[in-house]
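Welcome, and thanks for taking a look at this one.

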Amino acid sequence: MGKKKVVAAGHFCMDMHPDMSDTRNFQEQIVPGNLIEVGRATFCLGGVVGNTGVALYRLEKEVELIGGVGNDLFGKLCLESLEDIDPVLRRGIVVKENTATSYSVVLESPGFDRCFLHCAGANQVLSSADIDLEKVAEANLFHFGYPPLMLSFIRDGGKGLLELYKGIKERGVVTSMDMCMPDPSTEGGKADWGDIFTKVLPYVDIFLPSLDEVCIMLKREIPRSEVELSALADYLISLGVGIIGIKLGSDGMYMKSSSDRARIAKCSKVVDDIDSWVGAEYLAACRKTTVISAKGAGDTTIAGFLSGILEGFTPKNAMLCATTVGACCVEHEEATEGIKSWEQITSRMNSVEERLPVSLELSSLKPI
């Protein structure tokens with residue numbers, strides 16, 4: 001059997017990171033008329049397409065990228081950046097006329113929790129019409145990310161998102177979805193995500209939000225214990241999801257899968273050992289390492305998890321793969337530049353490395 005193919009689609013942007021490592025008391029300096037000196041700016045691809053998609057490529061997976069850019073300077077930079085990695089990666093990127101390319105300005109200084117200035121740009125007009133379902137049908141896995149910023153998909157109660165996932169599942173492809181933190185003042189932030197999840201998640205095989213994102217979108221308290229976290233996962237599984245992977249920031253990643261074998265069997269186009277995934281539950285702690293930058297850590301951790309599934313790993317090994325790729329990410333300035341060859345990842349995956357402590361109150365789970 002040849003390589004399993006994955007399509008990574010959705011949000012795509014250019015991230016600009018001014019060097020603020022020598023900027024002190026940044027928050028106090030934000031006053032009208034003040035000038036704040038920073039260092040050089042670095043530019044790198046961002047979003048699910050630029051982080052998860054490119055990370056999957058670096059992990060030696062056969063990947064097709066689908067996203068949108070505008071016909072402007074940032075758009076040209078996005079396309080050139082993909083071409084520098086491999087020209088084949090840009091073939092699924094749609095250029096939208098009279099539309100700005102999405103970009104983010106990432107503000108990260110000592111003692112200041114990073115924040116983002118973001119222009120959604122072309123992501124707001126990318127639609128199902130830009131995704132060739134017959135081409136997607138050739139893949140084993142379809143991964144879509146950041147729907148709160150993809151307005152064409154979430155308007156009318158998530159009609160576009162539902163049609164997309166339903167159409168892909170009808171073609172026998174395994175589906176995965178990642179989220180992002182919505183701005184509460186925007187259309188994405190005001191959407192009824194409880195209703196959207198109820199309609200869409202029955203068609204999502206692998207759901208990969210962060211803990212903060214999903215709790216805010218569901219208007220739930222953030223779990224502080226293993227019991228509460230497991231209950232949240234059970235709720236999402238009850239909506240129809242097969243496998244839940246929840247990013248926990250510095251606490252690592254948590255996963256739980258349906259105890260219904262028939263539900264997991266619907267993932268057989270990517271999951272090799274069905275029985276090992278039935279009713280699985282793991283908490284993988286972050287590896288203790290030198291953190292250069294946290295940008296893209298969640299997206300690349302997802303790429304590691306999906307790569308493990310595509311390679312036929314057990315849930316435990318897929319989780320170890322996820323945190324290994326996440327560690328490689330944070331050890332470098334750009335999100336994907338630290339991701340090594342698949343052989344190096346799998347070698348490090350099973351190495352003895354100190355793990356960061358987990359703040360969750362644990363009862364039966366032992367972090368791996």
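This is a predicted model: local features need pLDDT of at least 70, side-chain atom pairs count only at pLDDT 80 or more; totals for chains, interfaces and linings use all residues.

In strand β3, G46 is the bridge partner of C13. Residues are numbered from 1 along each chain as its sequence is written, and side-chain values use heavy atoms, with hydrogens and water left out.

**The open sheet**

- Strand β2 (residues 13-18) and β3 run antiparallel and are joined by six bridges.
- Helix α2 (residues 47-58) packs on the sheet and touches β2 and β3, its direction making about 80 degrees with that of β3; contact means heavy atoms within 4.5 Å.
- Angles run from 0 to 180 degrees between N-to-C directions, with axes as lines fitted to C-alpha atoms, for helices over the stretch in contact.
- Helix α3 (residues 73-85) lies across β2, β3 and β6, at about 75 degrees to β3.
- The sheet is made of four strands in the order β3-β2-β6-β7, with mixed pairing.
- Its edge strands, β3 (41-46) and β7, each pair on one side only.
- From one strand to the next, the twist averages 25 degrees.

- Strands β6 (residues 103-109) and β7 (residues 112-119) run antiparallel, with six bridges joining them.
- V106 has F116 of β7 as its bridge partner.
- Two residues lie between the strands of this hairpin, and G111 in the turn has a positive phi of about 75 degrees.

**A buried glutamate**

- E64 belongs to strand β4 (residues 62-70).
- E64 counts as buried because its relative accessibility is 5%; buried means under 20% relative accessible area, exposed over 50%, and partly exposed in between (1.4 Å probe, protein chains only).
- The side chains of E64 and R91 make a polar contact at 3.0 Å. The term covers a pair of N or O atoms within 3.5 Å; within protein, one must be able to donate a hydrogen and the other to accept it, and residues adjacent in sequence count only if both atoms are side-chain atoms.
- Leaving aside residues up to four places away in sequence, E64 touches K5, V6, V7, A8, R91, G92 and K135.

**Salt bridges**

- The structure holds 19 salt bridges, each a side-chain nitrogen of Lys or Arg within 4 Å of a carboxyl oxygen of Asp or Glu.
- K199 and D195 form one, with their closest N and O atoms 3.1 Å apart. About one helical turn separates K199 from D195, because they are four residues apart in helix α7 (residues 193-200).
- E354 pairs with K288 in a salt bridge whose closest N and O atoms are 3.6 Å apart. E354 lies in the segment after α14 (342-349) and K288 in the loop between β13 (281-284) and α12 (297-310), so the pair ties together parts 66 residues apart in sequence.
- E354 is exposed, with a relative accessible area of 52%, while K288 is partly exposed at 48%.
- R348 and E331 meet through their side chains in a salt bridge (2.8 Å, N to O). This pair links distant parts of the chain, 17 residues apart: R348 in helix α14 and E331 in the loop between α13 (315-330) and α14.
- R348 is buried at 18% relative accessibility, whereas E331 is partly exposed at 23%.
- A network of salt bridges links R287, E331, R348 and E353.

How values were computed: Two strands pair if DSSP finds at least two bridges between them.
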